[in-house]
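Dear colleague,

Please find below the structure that I am handing over to you, followed by an account of what was found in it.

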Amino acid sequence: MSQFELQDELNHPRTQTPQFTQMVEQGLSRRRFLGASAALGAVAFFTIAPLSQSIAAVLAPAAGPLLGFKAVPVSTADTVVVPDGYQVERLISWGDPLFTDVADFSNQVQNNTVANQQRQFGDNNDGMSLFSVDENTAILAVNNEYTNYELMFAHQGKKMTAADVRYAQAAHGVSVLTLVKQAQGWRFAKDGQFNRRIDANTPMRISGPAQGHALLQTKADPKGEMALGTFNNCANGMTPWGTYLTCEENFNGYFGSDAAVKLSPAFARYGIAAEDAGYSWYKFDPRFDLAQEPNEANRFGWVVEIDPHSPQAIPVKRTALGRFKHENAELVIAADGHVVVYLGDDERGEHIYRFVSRNTYNPTDQAANRDLLDDGDLFVAKFNEDGSGEWLSLVYGENGLTAENGFHSQAEVLIHARLAATQVGATTMDRPEWVAVHPHEPMVFCTLTNNKNRGLKDNQPVGGPNPRAENHYGHIVRWRPTAGQHSAKGFQWDLFLIAGNPSVHGATPYAGSSNITAENMFNSPDGIGFDQAGRLWIQSDGNYSNQGDFAGQGNNQMLCADPKTGEVRRFLTGPVACEITGLAFTADQKTLFIGVQHPGEELEPSHFPLGGDSVPRSSVMVITRTDGGIIGT
Ligand code: FEO
Ligand code: CA
Ligand code: CA
């Protein structure tokens, strides 16, 4: 009996109806394809079942069913579909002005100017957080991850100019929006007091253990303390002291060089290469030219903390949280008062990390919490086949993080966190995306969106928390920290769901776990988050071809799951070629904001959201119930 089960047995009565245990068991038993790995897999599955049972036991039954809406069918329509009794409206779209003195480019996106874009809503909205100000005022901080040149420019990116690059840079970053509650619901307020754009050229402070390190010094910033901008801001987090966390993901693609450059092994691990990945920034902006500024790329790949209540506040890059391709930053105050931040690194075969603050959270003095994210320890997850796991510390001088292995300081461990993770023996995962912590139980969920390389690369064996070779559908792993303490060294894990296509694959592992059916199937779970009642909302960023392996799955979508029973129900479908990403609820849980990102990418036929012959535009949507009730019930 594992430590987890023992602890659980002592504190909670055992449920007599472990429905979800059976579901996962059945789903996992479909994995006949494992061949040589089958024995290992069987061990993992055998131990998963009792763990699921105990997880189900700790989740107290809700007063009624947790999921109360009628599922929507799959869709290939160019619109957002919500359940009966719900309504969806547009809050804001790429290019909408934040201020009244800025042109509304409406359908003229290809003629937009740099000066306008700097004060308009950015492109490709992704993660977002809502901050309550008062009953009728709130702030929505929204990431603007990247751009689609095929939609942004008449030349579709083939004839970039310096002005085009500056326009694209202005469309990246973060938009801070003032929201006001009107008779018809929550609306964006142009000229609102909190409105702000942060883009790829906004000055920001570098803080924490890597501040000032030689690897962060550039010609423009010889001290290595002030960076310009943030970009490829994927997902997000928020702190109880009222700040927003924005996470830099695929920063590597913006750097390059036409000159001969010698690239370090660390650059290779982060995918930083001389070739143009398509953005062409380095051709017109010397700080992105690896030959001219060899350290500029080290100043990206961080989590940035922003105070959305103070439009003049300088954003801060928190280096203690490590440098990798960050997905989100899920922050929770552990029972012992330490601030814990769970972090995914979204690339095939990369890892899941955890930060634990040195000092504890002070609920009565928010100013005292301001720099908690500068001081603490970073860990990386090791998942064992038997359902146990541990957090391996990334501390200079320990676990082989020494000079003989290329690490000369804690700053270097953080700047090269991926290399450090490999050195200490972290588990390679199937693209860790968002992490979400249950609001009432010490339980953590992480989406592993897909991994076509699993089983084909030596460092990515099939087994443990990554049970399928050539995993095209993705899955969700969950864990419970030892003794319910998020700062604890160990944890117990299992799989919450395995996505698949039971219509195409029958009883193979690619059908998915048994809580996946022809009625609720999807692929590539990405954004996840809990509402206050403990519903797990799941957003997909997957293959929307609706063909072959993905036949019958339609456009990307949003689902809702009951963590206790394992039931998954489709809540929403998105327009053509979008992903659904980003979610935020108002405090009363009666309004849900979600993001529709890159509709019509790669010139797929979309005119979302305005219809007609309009250019498709990423948008934030507002969802409410027609009877004004709580979302999801
Ligand atoms: Fe920006 Fe991993 O999605
Ligand atoms: Ca994502
Ligand atoms: Ca994604």
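Helix H6 (residues 162-171) is largely enclosed by the rest of the structure, because 7 of its 10 residues are buried. Here buried means under 20% relative accessible area, with exposed over 50% and partly exposed in between, for a 1.4 Å probe and protein chains only. Helices (H or I, at least four residues) and strands (E, at least two) are DSSP runs numbered from the N terminus. The buried residues of H6 are Asp164, Val165, Tyr167, Ala168, Gln169, Ala170 and Ala171. These residues pack against helices H4 (114-117), H5 (149-152) and H8 (281-284) and against strands E3 (137-144), E4 (173-182) and E6 (196-198), where contact means heavy atoms within 4.5 Å. Gly173, with a positive phi near 110°, follows H6.

Please note that this is a predicted model, in which local features need pLDDT of at least 70 and side-chain atom pairs count only at pLDDT 80 or more, while totals for chains, interfaces and linings use all residues. Residues are numbered from 1 along each chain as its sequence is written, chains are lettered from A and ligands numbered from 1 in the order in which they are written, and side-chain values use heavy atoms, with hydrogens and water left out.

Helix H10 (residues 417-424) has Ala417, Arg418, Ala420, Ala421 and Val424 buried. They lie on the same side of H10, because they cover an arc of only 160° around the axis; the arc is that of the directions from the helix axis to the C-beta atoms. The buried residues of H10 pack against helices H7 (265-269) and H9 (410-415), and against strands E14 (338-345), E15 (352-360), E16 (376-383) and E17 (388-393). H10 is followed by Gly425, whose phi is positive, near 95°.

The largest nonpolar core has 60 residues, and Phe255 and Trp281 have the most contacts inside it. Such a core is a set of buried Ala, Val, Leu, Ile, Met, Phe, Trp, Tyr and Cys residues joined through side-chain atoms within 4.5 Å. At least three of its residues come from each of domain 1 (3-90 + 103-173 + 183-249 + 301-625) and domain 2 (250-300), the bounds being those of an automatic or database domain assignment. A second, separate core of 47 residues includes Leu66, Ala436, Val462 and Ile594. Neighbours within four places in sequence aside, the contacts of Phe255 include Phe231, Ile272, Tyr282, Phe288 and Phe300.

Turning to the metal sites, the calcium ion (ligand 2) is coordinated by Glu327 (OE), Glu433 (OE), Asp526 (OD) and Asp526 (OD), at 2.2 to 3.1 Å. Donors are N, O and S atoms within 2.8 Å of the metal (3.2 Å for Na, K and Ca), and sites may look incomplete, as water is not among the atoms. Along the sequence, the donor residues of ligand 2 are spaced E-x105-E-x92-D. Glu327 lies in strand E13 (residues 326-333) and Glu433 in strand E18 (residues 432-437), so the pair ties together parts that are 106 residues apart in sequence. Glu327 is buried, with a relative accessible area of 1%, and Glu433 is buried at 2%.

The calcium ion (ligand 3) is coordinated by Glu433 (OE), Asp526 (OD) and Asp541 (OD), at 2.3 to 3.2 Å. The two calcium ions, ligand 3 and ligand 2, are 3.2 Å apart, and Glu433 coordinates both.

With kind regards
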